[in-house]
Amino acid sequence: VLHGHDDEVSCVSVSSELDTIASGSADGSVIVYTLRSGQYIRSIEHPARHAVDLVSLNARGCIVLYSLRDQSLHACSINHHRNQPPLASALAGERLNAIVFNGAGDVLLTAGDGGLVTVRSPLDLSVIQRLGPGPALPGAAEARLSPLRSLGLAHDEQFVLAGTQQGTLLVWGLQPKVVARNIVTQLDKTLGLGF
């Protein structure tokens, strides 16, 4: 049993590659522990001390936390120090219900009440792409208006799945080369790498 939060634990994320757990709480903190031994590593506070409602941890040591109160995303390093500002912050612009990294940790996907899956760069939380139901699909008009409640990524990362409030499951087939090209293009714009 792991201890440390002063209020309910609202979310948890794990990286077996890093032997790390990140738990978010209504007390406004994310606590980082080792997975195998349960040893406390550090606490990371939401910049405004708002409740942490969603957290995601990638294999590169990036932790993204989200609060419903201000609908903001904040990216921190697993080595984040107390009173240090986040590496990046962004307004989600909607109530989010799910956040998840892809396996490589170079893409963050979010889903919420707006009915779209947003693909973001974890470096600066900028939007790379938005996924929504296609107009030619049966029931697409209803699904477009329906908030997304859950989000999943297939192990091979060729499919993104989102569950809607209306009881439908949206599935997008991704072509890895297209996703990789979009990421490289976004990184080039952000970092000026000249790809």
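Strand E9 (residues 96-101) is largely enclosed by the rest of the structure, because five of its six residues are buried, where buried denotes under 20% relative accessible area, exposed over 50%, and partly exposed the range in between, computed with a 1.4 Å probe and protein chains only. The model is predicted, and for this reason local features require a pLDDT of at least 70 and side-chain atom pairs count only at pLDDT 80 or more, whereas totals for chains, interfaces and linings use all residues. Residues are numbered from 1 along each chain as its sequence is written, and side-chain values use heavy atoms, with hydrogens and water left out. Strands (E, at least two residues) and helices (H or I, at least four) are DSSP runs numbered from the N terminus, and two strands are taken to pair if DSSP finds at least two bridges between them.

Strand E9 pairs with strand E10 (residues 108-112) in the antiparallel sense over five bridges, and Leu96 has Gly112 of E10 as its bridge partner. The two strands form a hairpin with six residues between them, and in the turn Gly105 adopts a positive phi of about 80 degrees. Val107 also lies in the loop between E9 and E10 and, at 4% relative accessibility, counts as buried. The C-alpha atoms of Val107 and Leu123 are 9.1 Å apart in space, with a separation of 16 residues in sequence.

An open sheet is formed by four strands in the order E5-E6-E7-E8, with antiparallel pairing. Its edge strands are E5 (54-57) and E8 (88-91), each of which pairs on one side only. From one strand to the next the twist averages 15 degrees, with axes fitted as lines to C-alpha atoms (for helices over the stretch in contact) and angles running from 0 to 180 degrees between N-to-C directions. Within this sheet, E5 is joined to strand E6 (residues 62-67) by four bridges, the two strands running antiparallel, and Leu54 has Tyr66 in E6 as its bridge partner.

Positive phi values also occur at residues other than glycine. Arg49, in the loop between strand E4 (40-45) and E5, has a positive phi of about 65 degrees although it is not a glycine, and with a relative accessibility of 42% this residue counts as partly exposed. Glu157, which is placed in the loop between strand E13 (148-153) and strand E14 (159-164), likewise is not a glycine and has a positive phi of about 60 degrees; its relative accessible area of 25% makes Glu157 partly exposed.
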